[in-house]
Amino acid sequence: MNDAWKQCISILNDNHYDAYLVGGATRNFLLHLPVQDFDITTNATPTQIKKCFRNYRMLDIGIKHGTITIFINNTPYEITTYRIDMDYRDHRHPSKVVFSSQLKDDCMRRDFTMNAICYHPEQGYFDFFNGISDIENKIIRCIGNPNERFNEDALRILRAIRFSCQLQFTIEPITKKALLENKVLLKHISNERIQDELNKIFLSSSCAQKLFEYHDVLEVIIPECREISLSPKRLNKTYEMLSKCKPSIALRLSCLLHQLHEPALTSLTICKRLKYSNVLTKRVQVLLSVMNKPISSKFEFKLLLSQYSDFFEDILYFKCLIDTTLDENELFKQYQTIIQENECISLPQLDLKGNELLDLGYPKNQISTLLHECLYQVMQDKVPNKKMELITFLKTNK
């Protein structure tokens, strides 16, 4: 673990303030996982924090909630005053925060026991809610009353499922019951935040298992998925594909949606609602629109490749998930052969150019159509990709 966080704690301690590493950093440290974000909690007020770190670059955009971000070697360290969150609005944000002098007060406002463990390099761990025990037993448990925690911040519902996916932890029964009872509160959460949590779920190793287990929650954020639940056969097919699919947001989202009515069209609505990028939205749409297109003939194969060369490997992979009778190795071997031998699948590869057709007297408004006709003939191996033979073909097929 990066040790600069100790420098932050040391500076605060030298100025007679308490300070501890808290949250995900401590949790991941205990789990022997990489740490991305270093959060430090302290009894120093924001003004006092700024004074302690006056010689460092800092950001105070979170000062309203007691957070000052300090940079050491260009790495950000968030230092936040002990606080109590008051009067949550919109099931997401506290309407105000009250600074506290007690470490336990700050820990009580957090979501899960495993995220409320504090650590000091010399004093060791401060674990008010048995988070270390829950980590050892692979359990996700809300701090205090889970109904209150989920009502305060409904995003915690998805966070619980996401942590369960990433860490292979079980959500303990009382927390799980409250999670399911409060699932409708996710309607209050912004689509951007929902997308962020969904992406982490899609990239996790137990994505299929957990989305199946919490399908009722998924239906709140993607109501279209209720259609899948109505058919056990379609539901099982969906999660069977998800369980086999490699970690990829586009591929796993496509697996999730492929059993819907008009999946390509429906996926556009879903991706736009969840604020996915145009690039990912297009990829999902293409995967779902071509999933049943035949590729048994070499021409069909080349035609699909010519249209979607940018992510053709994903298309082949997805089609093999859909149709288990397809030989994935043979399809990828065919694809590699076409690429390695530079077989003609696009207009730039054609040995006949538009200006040459113009010189031969063909009308400008027909050039594109004629070139595409030549390309299709070449791709079907009906005409060699040679200029004179292509010209002869055009002359004999006027």
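The largest nonpolar core in this predicted model has 82 residues. Ile-222, Leu-256 and Phe-318 have the most contacts inside that core. Take Ile-222 as an example. Leaving out residues up to four places away in sequence, Ile-222 touches Leu-198, Leu-256, Leu-257, Ile-270, Arg-273 and Leu-274. There is also a second, separate core of 22 residues, with Leu-12, Ile-40, Ile-49 and Ile-72 among them. In soluble globular proteins, nonpolar side chains tend to be buried together.

How many cavities of 30 Å³ or more does a search of the whole structure find? The search finds 1, and the space in the largest cavity is about 40 Å³. Its lining has 8 nonpolar residues, with no polar and no charged ones. Among them are Leu-158, Ile-161, Tyr-214 and Ile-221. Helix α11 gives the most to this lining, 3 residues.

The largest pocket holds about 1600 Å³ of space. It is lined by 46 residues, and the closest to its centre are Asp-39, Glu-78, Arg-110, Arg-159 and Arg-193. By class, the lining has 19 charged, 14 nonpolar and 13 polar residues. Which element gives the most to it? That is α7, with 7 residues.

The second largest pocket has a volume of about 170 Å³. Its lining includes Ile-84, Asp-85, Tyr-88, Arg-109 and Glu-152. Elements β6, α4 and α6 each give two or more residues, and the largest share, 3 residues, comes from β6. The classes here are 5 charged, 4 nonpolar and 1 polar.

Notes: Residues are numbered from 1 along each chain as its sequence is written. This is a predicted model: local features need pLDDT of at least 70, side-chain atom pairs count only at pLDDT 80 or more; totals for chains, interfaces and linings use all residues. Side-chain values use heavy atoms; hydrogens and water are left out. A nonpolar core is a set of buried Ala, Val, Leu, Ile, Met, Phe, Trp, Tyr and Cys residues joined through side-chain atoms within 4.5 Å. Buried means under 20% relative accessible area, exposed over 50%, partly exposed in between (1.4 Å probe, protein chains only). Contact means heavy atoms within 4.5 Å. On a 1 Å grid over the protein atoms alone, a cavity is a set of points where a 1.4 Å probe fits but cannot get out, and a pocket is an open set with protein on both sides within 12 Å along at least five of seven lines; lining residues have an atom within 4 Å of a point. Grid points are joined across faces, edges and corners, and a volume is the space filled by probe spheres set on the points. Helices (H or I, at least four residues) and strands (E, at least two) are DSSP runs, numbered from the N terminus. Ala, Val, Leu, Ile, Met, Phe, Trp, Tyr, Cys and Pro count as nonpolar, Asp, Glu, Lys and Arg as charged, and the others, Gly among them, as polar.
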